[in-house]
Amino acid sequence: MIEYSMETEIRIDWSDLDPLGHVNNLAIMKYMQTARVLYFDRLGISPSGRATGVGPIMASVSGQFKRQLRYPGTIKVFTSIFEMKTTSLHMRHHVVDGSGGIAAAGHDVIGVFDFGRGAKQAIPDGLGRGIAELEGKRKVFDPGAAREAEGKAGSGCSEKPDGR
């Protein structure tokens, strides 16, 4: 079961392929980057911090590649923030193929940075509230149910049992 607060659908592009005919690992990391940027867009946060001088900055990114992706196809990236510390956020991504199989998982550590001072800073209250609100609406994706439903109606996604 994958808990997520945001779902991003991305079409696999021909240019994402490597010489072996499957999606290159770098392209999969870019899918996660797209989901990360859209998550912050949803919160009204500019990745560059230009509007306020404060914004997100990558401290760490990692990925585990579990199965090949191939062209043509569409993937979904399920994203959530699973931990907030004083000055950083931990974001999790699951890249799921068209059959509902988990193709990759990623973990980002994102710092909050004051670009004017050139230093990290505490997560602003408004950002913390926005994240809490978005994360309070989590859904659940069941890869097993999705694979059983392949070719049938339904995506394997549902609201969490506690109403979130």
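How many aromatic pairs does the count come to? The structure is a predicted model, in which local features need pLDDT of at least 70 and side-chain atom pairs count only at pLDDT 80 or more, while totals for chains, interfaces and linings use all residues. Residues are numbered from 1 along each chain as its sequence is written, and side-chain values use heavy atoms, with hydrogens and water left out.

The count comes to five aromatic pairs, where rings of Phe, Tyr and Trp (its six-membered ring) pair if their centres lie within 6.5 Å, and planes under 30 degrees apart count as stacked, over 60 as edge-to-face and the rest as tilted. Take tryptophan 14 and tyrosine 71: their ring centres are 5.3 Å apart and their planes stand at 80 degrees, so this pair is edge-to-face. Tryptophan 14 sits in the loop between strand S2 (6–11) and helix H1 (25–42), and tyrosine 71 in the loop between strand S3 (54–65) and strand S4 (74–84), so the pair ties together parts that are 57 residues apart in sequence. Helices (H or I, at least four residues) and strands (E, at least two) are DSSP runs, numbered from the N terminus. As for cover, tryptophan 14 counts as exposed because its relative accessibility is 59%, whereas tyrosine 71, at 35%, counts as partly exposed. Here buried means under 20% relative accessible area, exposed over 50%, and partly exposed in between (1.4 Å probe, protein chains only).

Phenylalanine 113 and phenylalanine 115 make another edge-to-face pair, at 5.2 Å centre to centre and with 65 degrees between the planes. Phenylalanine 115 is partly exposed, with 35% relative accessibility. Ring pairs also link Tyr4, Phe78 and Phe141 into a cluster. A charge gets involved too: the charged end of arginine 92 sits over the ring of phenylalanine 82, 3.8 Å from its centre (the rule asks for NZ of Lys or CZ of Arg within 6 Å of the ring centre and within 35 degrees of the ring normal).

Stepping back to the whole chain, there are three helices and nine strands, which follow the pattern β-β-α-β-β-β-β-β-α-β-α-β along the sequence. Buried residues account for 42% of the 164 residues.

Isoleucine 123 lies in the loop between strand S7 (119–120) and helix H2 (125–135), and counts as buried at 13% relative accessibility. Isoleucine 123 and lysine 85 are 38 residues apart in sequence, yet 8.1 Å apart in space, C-alpha to C-alpha. Leaving out residues up to four places away in sequence, the contacts of isoleucine 123 (heavy atoms within 4.5 Å) include Met84, Lys85, Val112 and Gly128.

Finally, a word on confidence. The mean pLDDT (the predictor's confidence in each residue, from 0 to 100) is 88 for the chain, and 85% of its residues reach 70 or more. Over residues 153–164, pLDDT stays under 50. Where pLDDT is low, the predicted coordinates should not be read in detail.
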